[in-house]
Each structure stands twice: as structure tokens, then as C-alpha cells.
Amino acid sequence: MASVRPWSDDAEIFRHRRAAPVHTWERWLLGVMLFLGAQSVFYFATWWFRTEHVNNLPLFILLSGATWYGIVRLMVGWYNAFHVEQPDPVVAPDGLSVAIFTTSAPGEPYDMFVRTLAAAREVTYAHTTYLLDDTGDARFAQLARDMGAVHMELIGIPGAKAGKINAALERTTEEFILVLDPDHIPLPPFLDRVLGYFADPNVGFVQVSQAYYNAGESFVARAAAEQTFAFYGPILQGMNGTGTAVAIGANCTFRRQALQSIGGHGLGLAEDLVTSIRLHAKGWKSIYVPEVLSRGLVPSDLQSFLRQQLKWSRGVHEVLFREYPRAFRDLSGHQRISYLMIGSYYLVGLTTLIYLTIPLLYLWAGKQPAAFFLSEYVQHAAPVGIFGILIYQFAQRWFCDPDRERGFHWRGTLLKIGSWSVFLQGFVLSVVNVAVPYIPTSKERKRGNFWRLARVPLTVLIISVLTAVWTVFRQLFVVPEAEVRITTEVTAGMLLFLICNTVLMSGRIYAAWADRERVDE
Amino acid sequence: MSARNRYQIAFFALGWLIAFGILFQMGVGSGFHSLYDAVNDRLRRLAQRFSDSEGNAVRDVRGSSRTDYLAPLRPTLSTVNGLKNPPTMLFGVYDGGLPNTFAGMDRLESRVQYKFPIISCYVAWGDKPTEKFPTRLVETINRMGSVPMITWEPWVVDFDETLRPNLPKRPEREYASLASIARGDYDFYIVEWAKAAAAFGKPMFLRFAHEMNDPYRYPWGPQNGNRPDDFIAAWKHVHLVFQKMNATNVLWVWSPHISMPWFEYYYPGADFVDWVGIGVLNYGTIASWSRWWSFHQILEKAYPALMKLEKPIMICEFGTLPAGGDEYEWYRQAFYHIDHTYNRGIRAVVFFNQEYDITMSSAPLNWSLLQDQRAAGYVAQALAAHSGL
């Protein structure tokens with residue numbers, strides 16, 4: 001039974017879980033829903049792309065780009081749901097040589113390592129834990145010794161975490177390496193559940209789910225966690241089905257030989273993705289195990305979340321522009337689609353900007369991209385939205401921890417749309433090739449200046465309110481009556497559009513308010 | 001599960017879906033359609049209610065409205081009988097910005113200090129959304145205190161071949177199209193229009209298949225094997241469909257090309273026509289085939305024949321291009337002749353205020369009255385003198 005307070009019961013949270021198996025009847029039902037979904041997209045497309053709908057061609061192209069970017073992403077989600085595949089558990093043979101690498105950086109809290117290293121010691125399969133340490137702090141060396149781990153002092157090595165991993169690879173000999181983020185607390189059966197898959201000599205890495213224990217801590221933590229549930233649920237399981245499961249920095253177990261074949265762990269802001277695309281290009285197979293085998297920390301304050309997203313946005317675009325074209329020839333068809341989709345995830349910053357601009361362009365300059373009414377749009381887009389929601393809710397049965405993860409993830413959606421400016425910043429920075437420093441995501445909740453954190457959504461809010469006031473004033477006093485009457489529906493539609501945009505910014509404003517600096521603290 | 005199994009299941013799921021789809025089509029399909037139409041109708045009504053409250057708010061803050069301005073004409077404009085025989089001259093306007101904007105009409109109205117009781121628009125036949133009955137537009141015109149006039153052009157080629165498998169292929173469709181309209185081939189479309197017109201319910205002018213006697217212009221002309229009898233049969237058929245659908249709020253404007261011969265032979269009869277509509281457009285010297293014609297020169301030959309029909313006459317397209325003459329003088333003389341020579345026949349004049357007309361020439365023609373300030377000033381005076389407002 002679901003716990004009443006799902007995020008407060010530690011025993012429940014730190015329990016080994018596996019996603020529910022996929023039944024045949026579920027595939028049948030899903031198949032029907034996917035066909036209906038595809039048909040609703042077709043129906044929408046035949047309505048959208050009509051020449052008489054074009055009012056202002058450049059704007060129509062922009063609006064179409066934003067709209068169809070979203071729909072294509074939705075459909076790729078469906079394609080993943082269609083391919084959901086869970087690997088059968090394989091018993092780990094005895095006698096494999098295994099290392100756990102965990103890294104520490106200056107400023108990371110000592111207590112976190114106490115917990116992680118203690119948990120690593122409890123992992124039942126025989127292994128050696130290495131602490132890759134560049135804090136220069138004697139306490140860390142002592143801690144490693146106390147916890148039965150090997151302390152490896154790696155100060156001043158370029159390439160941040162990945163650099164340390166590569167340096168440690170040279171000094172060790174274990175055949176399999178689990179890269180564990182220091183905030184992740186592994187569960188005892190971790191290695192037993194993943195090592196068996198390496199019996200297939202072509203398997204290069206095995207990824208497990210990434211789950212969190214602090215998702216109940218704050219609005220941002222909850223929202224950031226919500227954004228990952230589907231990914232570690234049906235999406236990665238679908239990617240497993242198409243042979244495209246990716247490595248996610250933390251909790252990935254690599255075969256040393258695989259890493260060596262690509263000259264070591266990849267570097268960069270999205271080092272995990274770089275590594276995984278290179279491994280796939282080299283022909284290594286990957287497995288995704290839909291099991292909760294560790295719990296870590298999700299950013300719990302807005303500032304850390306936005307920093308993390310900027311880093312990823314910059315890094316992912318780097319992969320899209322640099323690694324993807326290089327690897328393209330060697331990837332399978334599914335992998336080409338999959339990496340393109342991951343690489344373009346943060347373009348949502350650009351499309352949000354387009355959505356924000358369109359009502360403003362109409363209400364201030366009278367430029368209207370498309371010649372249809374909002375009511376017609378709603379009528380034709382509604383089936384796509386309905387099937388999108390139905391399929392999303394249905395696929396939640398394959399979440400790794402449904403008790404804590406199922407639901408309408410409105411917090412995650414609001415925070416994602418609210419973070420558009422950061423995604424866009426990452427995109428622009430990678431286009432003009434400006435570096436973003438690699439800073440590990442903060443492990444503690446920080447407070448920030450409300451005005452600074454909420455600057456972007458507040459600006460949107462203020463512009464929207466001014467626009468709405470100006471529009472009402474103009475309609476009442478300035479515009480000729482006949483023009484008021486004939487444009488009434490378009491104007492009302494655009495105002496509604498504007499209001500929706502503003503409401504979508506509310507998540508980030510609320511998060512900034514919740515994380516504001518308080519005088520009494 | 002192997003990939004092969006997965007695709008098998010998907011394939012059978014599709015099979016089930018098709019089976020359900022057929023059942024759905026047989027039983028619930030029509031229910032779904034009517035639900036869909038009901039939602040659409042509800043949304044439109046909501047928009048109209050919103051438009052009404054917006055219109056009221058605008059009137060309240062400005063202390064005036066188009067409806068108030070046109071109130072003295074209300075008895076005439078609000079009933080079909082009033083419009084069949086108006087006591088004063090009615091003026092109207094067509095603006096090229098429709099149905100998206102009234103900006104051009106607003107400019108004209110504010111220049112001539114007048115609000116037009118008739119607002120004219122053009123709609124072609126076909127399957128595109130813009131070719132449906134323009135409910136939004138006519139509702140808006142009605143809410144602005146005016147009466148809509150739709151020139152309804154049977155461009156039968158605009159019907160989609162895949163949607164309409166029973167119609168001939170496009171290239172063959174235009175030949176003798178009026179006879180096929182009379183036969184009922186296009187009733188699927190005419191009935192929808194008649195229903196929508198009846199649902200609108202307020203008086204409106206309908207000018208169907210205008211200039212049917214001109215062999216150089218529209219596909220429903222005599223060059224395509226359309227004989228006068230075919231036109232009359234088509235007209236009567238369309239008229240009948242509208243009567244059957246209770247669209248008795250429609251005033252029928254029969255509109256031949258008066259510079260082309262034998263237009264009398266296309267007259268469907270007094271029972272089927274409420275107004276005689278004509279175009280009086282002076283193209284000036286824009287092309288080899290044209291020269292500067294005065295209003296009187298265009299109309300004088302045809303007028304006696306038109307008068308014999310004993311119906312009020314509407315100048316449905318009234319205007320001049322600037323090239324080759326004096327616009328001010330053209331309008332001055334036109335109003336003189338409207339008042340003196342043709343005062344017994346002409347009961348309505350609709351200004352052709354199209355700034356971008358590409359129907360007759362490759363270069364766009366500008367018919368706007370606002371190009372000549374003297375002419376516009378004269379028209380303002382004339383409107384004030386004639387309007388009855």
C-alpha cells in the first residue's frame with residue numbers, strides 16, 4: 001500500500017524496487033492508444049498545414065516549428081513507449097573484479113561521503129571502493145580508510161569528474177567500474193543486479209534507474225524529480241528495447257575494455273552522453289535495468305537547478321553539434337533518432353521564446369502568424385493533447401517506483417517551461433562557443449535573491465500585464481468600432497494565449513519565492 | 001518479448017481498431033459528428049457573446065456606436081420587407097481587407113463622415129473553410145448595425161476531388177456547370193449554406209453568379225456552354241433550396257453585366273428576384289480595351305431594359321480608377337445622374353473600395369476613393385445629403 005507520506009518514510013524510500021513487468025494485454029491496449037494518437041496527429045497535421053492558414057509566412061514558419069517540435073517529441077515518446085523492453089534478471093557470476101568509483105570535489109559536504117561510503121561498503125558483491133579525491137582535506141582520506149575504501153588523491157587534474165575517472169582507470173585494474181555519484185547511496189544488491197548482463201561480451205555498459213531521496217524536500221526538488229520519472233520509466237525502457245539506452249553519469253557500470261576502446265571516459269559538460277554516444281558508435285551494446293538500486297539528491301533550490309540545467313543544456317548542445325555528426329555514420333537508425341532527440345531536448349527554450357513572442361507581436365504590431373481562431377485550434381489540437389495525456393498516464397505503470405512517482409507532473413512541467421531562458425542561454429552559448437564552467441551540482445539547499453532568480457519570469461509577467469492593459473484600453477478607446485468587432489475573436493484568443501504563457505511562468509516565480517533569502521536566517 | 005512479437009501485436013491492435021472504427025462509423029459516428037458540431041457552435045456562440053459585451057463596453061465608453069448612428073434606418077434594415085422597398089437611398093461599401101480587417105472601410109468611413117448600411121463581401125464556392133457560409137462575418141456586420149451582402153461565386157473547381165468523388169474531375173467540371181447546379185449536383189454545398197443563412201436569420205443580400213452573361217470573365221459565363229435557360233434553372237434551384245431550408249431572410253440580387261448583350265434573357269422572373277444589381281466601374285485608360293467612361297455612359301443603354309423588370313436597382317460595384325480623367329468630376333456627375341436621370345430606379349449604391357484588385361489586370365488596381373481628396377470630399381457631401389441620417 002502507498003505510504004500516506006511517501007517522501008518521509010526512509011525504510012520505504014531505500015528499498016530495492018523494479019518496474020512492474022509489461023503484460024501482453026498492456027501492449028494491446030497501448031497499441032490501440034498509439035494508433036489513435038497517431039491518427040489524431042495526422043488529423044491535426046492535415047488541418048494545420050493548409051495554405052489558407054498562412055497569414056504571415058515567416059511567423060507561420062516559426063509557429064509551425066515550435067508546434068511541431070513539441071508534437072514530434074511527443075510522438076518520439078510514444079515510439080519509446082511502443083518499444084518498452086525490460087531485461088530479464090541475470091545472476092551475477094562469482095569472481096568478477098569490480099571497482100566502485102566515487103569522486104569528491106572541494107566544497108562538497110563531508111557528511112554526504114560518510115553515508116555514501118558506508119553504503120558502498122555494504123554492497124554485497126565483492127568489490128573495491130575508490131574515493132577519487134581532490135579536496136586535499138585530511139578528513140576525507142581518513143574517512144576512506146575507516147570505510148574500507150581506497151583513497152586516491154587526484155588533485156589538479158583537468159576534466160573535472162571525468163578527468164579523475166580516467167586518471168583512476170590508469171591506476172587500477174578492475175574489469176568493471178561502477179561510477180557512483182557521491183550523493184548516491186547504493187543499496188546492497190546493486191552489483192548483483194547489474195553484473196550478470198556483462199556475460200554478453202558485447203555489452204559495454206549497464207545503466208540503472210536514478211532515483212532520489214530528497215524529492216519531498218521542496219517544490220524545486222519535487223519538480224526536478226518529476227521531470228525524470230518518465231525518463232527512467234518507459235522512456236529508458238523503450239530505449240533499452242531499441243538498443244539506445246544511454247549512460248547517465250551516475251550509477252552506470254562500465255566494462256573497462258569498452259572505456260579503453262574509446263580512449264577513456266568522455267570529457268565535457270555532458271561527459272556521460274559523450275561517453276555513451278562514443279561507445280554506441282564503437283558498436284558496444286547497452287542495457288537499462290529498470291530498478292532502483294541507489295538513491296541520490298536532486299537539486300532542491302532554484303539556483304542549483306538552473307545552474308545544473310544550464311550546464312546540461314550547454315553540454316547536450318555540444319554533443320548535438322560536435323559528437324553527433326562525428327558518430328552519425330556508425331550509429332544504428334534507432335540510435336540516430338534517439339541521440340537527435342536527446343540533443344534537441346533543450347531547444348524547448350527556443351520554442352518557448354517563440355510562444356511568448358507571438359501574442360505580443362499580434363497585440364503590439366498586429367502581426368498574426370496564422371489565419372485561424374483559437375477555438376478552431378483547440379478543436380483540432382485537443383485529440384493530440386488528450387491522447388498525449390492518456391498515453392503518458394498509462395505508461396506510468398512502468399515507472400520504477402510508482403508509489404512515489406505516479407501522478408500529474410504539473411510541477412515538473414511548470415518548472416521546465418519556466419526555465420526556458422536558461423535552456424536558451426545554453427543553446428546560444430554553444431552556438432557562439434562560450435564555455436560554461438563545470439561546477440558539481442550543489443548538494444544542499446541554497447537560498448538566493450528572489451528578484452534575481454525570478455527576473456525572467458517576472459519580466460514576462462510585467463510585459464504581459466502591460467500588454468493586457470494596453471490592449472483593453474486600445475480596444476475600448478482607440479481602435480475604430482468596426483475593427484474592434486471584426487478582430488474581437490482573434491484579440492481575445494491572443495489575450496488568452498498571453499495569459500496561458502504568464503500562468504506557465506508561475507512555477508518559477510513560486511520556486512524563487514520559496515527559496516528567497518530571508519532576513520531571519 | 002522479441003521485436004517480431006511486438007510488431008505482431010501492434011498489427012493486430014490496428015486490426016481491432018479498424019473493426020471498432022467500422023462499428024463506430026455505423027453507430028456512434030454521426031453522434032460524434034453532431035457532438036463536434038455542437039461544440040463548434042457553442043464556441044462560436046461564446047465568441048459572439050464575448051463580442052457583444054465588448055461592443056457594449058465600447059459603446060458605453062465612447063458614448064456612440066455604429067448601431068446608434070444607423071438607428072434611424074433600423075425599420076428599413078431590420079426586415080426583409082423594409083429592404084425590398086427602402087424609402088431612402090441605401091449606401092454600402094466593399095473593402096478588400098475582409099474578412100480579416102475593416103481597416104480600409106474604417107478609413108473610408110472616417111474620411112466621408114458616414115457609416116454604410118450595407119457591407120459587401122465576396123465568397124467563392126468550394127470546400128475550403130473560407131468558402132463556408134461566413135457566419136462570423138455576417139454576425140459581426142449585423143452587430144455593427146449594417147446589412148451584409150454576399151456575392152456568391154460558383155467556382156465549382158474549388159471542390160476537392162477526393163472529398164467529392166461523385167463530381168466530375170476538375171477540368172471537366174466547369175463545362176455546363178450551371179446545368180449541373182440546377183440538377184442538384186451541388187446540393188450538398190447549397191443546403192449547408194441555406195441552413196447557415198437561415199440560422200443567421202437576419203436580412204441579408206445574396207448576389208449569386210453575377211455577370212453570368214459575360215463570356216470573358218467567370219467560368220459560369222456562356223463561353224462554358226452555359227445557356228440562359230441553364231442559368232435560370234440554376235437560380236431557381238438555389239432559390240428553392242433556400243426556401244426549403246427556411247432561409248427566407250435572404251434578398252436575391254440578380255446581377256448581370258450591363259455592357260454585354262442579351263442580359264434580359266437571363267432574368268429568372270419576378271418571383272425569384274428582389275433586387276437588380278449592376279456594376280458601374282470606370283476602368284479609365286488602364287488598358288487598350290478601356291477608355292474613360294462616365295457613370296451615365298456606362299448605364300444609359302441598359303437602363304430602360306432594367307426598369308422594365310420593376311425591381312429596385314442596386315449599383316453593387318460603384319467606382320472609378322484615377323487613370324485618364326478627373327475622379328472628382330466622375331463622382332459629381334454620377335451623383336447628378338443618380339439624382340436626376342435614374343432617380344426612379346436606383347435605390348442603393350455600394351462603393352467598390354478595393355485597394356488591391358487583381359481580377360482584371362496583372363498589375364493591381366487601386367479603386368480607393370481616398371486617392372483623390374477632392375472626390376472624397378464631394379462624396380462626403382453627397383452622402384450627407386442622401387443618407388436620411
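How far apart do the C-alpha centres of domain 1 of chain B and domain 2 of chain B lie? They lie 36 Å apart. The model is predicted, so local features need pLDDT of at least 70 and side-chain atom pairs count only at pLDDT 80 or more, while totals for chains, interfaces and linings use all residues. Residues are numbered from 1 along each chain as its sequence is written, and chains are lettered from A and ligands numbered from 1 in the order in which they are written.

**Chain B overall**

- The domain assignment, whose bounds come from an automatic or database source, divides chain B into domain 1 (1-63) and domain 2 (68-386).
- Chain B has 15 helices and eight strands; helices (H or I, at least four residues) and strands (E, at least two) are DSSP runs, numbered from the N terminus.
- Along the principal axes, the C-alpha atoms of chain B fill a box of roughly 90 × 55 × 40 Å.
- Of its 389 residues, 38% count as buried. A residue is buried if 20 or more other C-beta atoms lie within 10 Å of its own, exposed if 12 or fewer, and partly exposed in between, with C-beta atoms placed from the backbone.
- Among contacts in chain B between residues at least 6 apart in sequence, 76% join residues at least 24 apart. Two residues are in contact if their C-beta atoms, placed from the backbone, lie within 7 Å.

**Barrel of chain B**

- Eight strands of chain B form a closed barrel in the order 1-2-3-4-5-6-7-8, with parallel pairing; two strands pair if DSSP finds at least two bridges between them.
- From one strand to the next, the twist averages 30 degrees.
- Strand 5 (residues 250-254) and strand 6 (residues 275-282) of chain B pair in the parallel sense over two bridges. B:Val253 has B:Trp275, in strand 6 of chain B, as its bridge partner.

**Contact between the chains**

- Chain B contributes 33 residues to the contact, and chain A contributes 23 residues.
- On the side of chain B that touches chain A, helix 1 (3-26), helix 2 (28-62), helix 6 (103-112) and helix 7 (135-143) of chain B each supply at least two residues.
- Helix 2 of chain B gives the largest share of that side, 11 residues.
- By class, that side of chain B has 19 nonpolar, eight polar and six charged residues. Ala, Val, Leu, Ile, Met, Phe, Trp, Tyr, Cys and Pro count as nonpolar, Asp, Glu, Lys and Arg as charged, and the others, Gly among them, as polar.

**Helix packing in chain A**

- Helix 13 (residues 348-365) and helix 21 (residues 488-504) of chain A pack at an angle of about 145 degrees, with their axes 9 Å apart. Axes are lines fitted to C-alpha atoms, for helices over the stretch in contact, and angles run from 0 to 180 degrees between N-to-C directions.
- Residues making this contact include A:Tyr355 and A:Leu356 of helix 13 of chain A, and A:Met494 and A:Asn501 of helix 21 of chain A.
- The contact of these two helices has nine nonpolar, one polar and no charged residues.

**Local backbone features**

- The peptide bond from B:Leu98 to B:Pro99 is cis, with omega near 0 degrees. B:Pro99 is in the loop between strand 1 (90-95) and helix 6 of chain B.
- A:Asn251 is not a glycine, yet has a positive phi of about 70 degrees. A:Asn251 sits in the loop between helix 8 (219-241) and strand 9 (252-255) of chain A.
- A:Asn251 is buried because 25 other C-beta atoms lie within 10 Å.
- B:Ala176, also not a glycine, has a positive phi of about 55 degrees and is in the loop between helix 8 (170-173) and helix 9 (177-183) of chain B.
- B:Ala176 counts as partly exposed, with 17 C-beta neighbours inside 10 Å.
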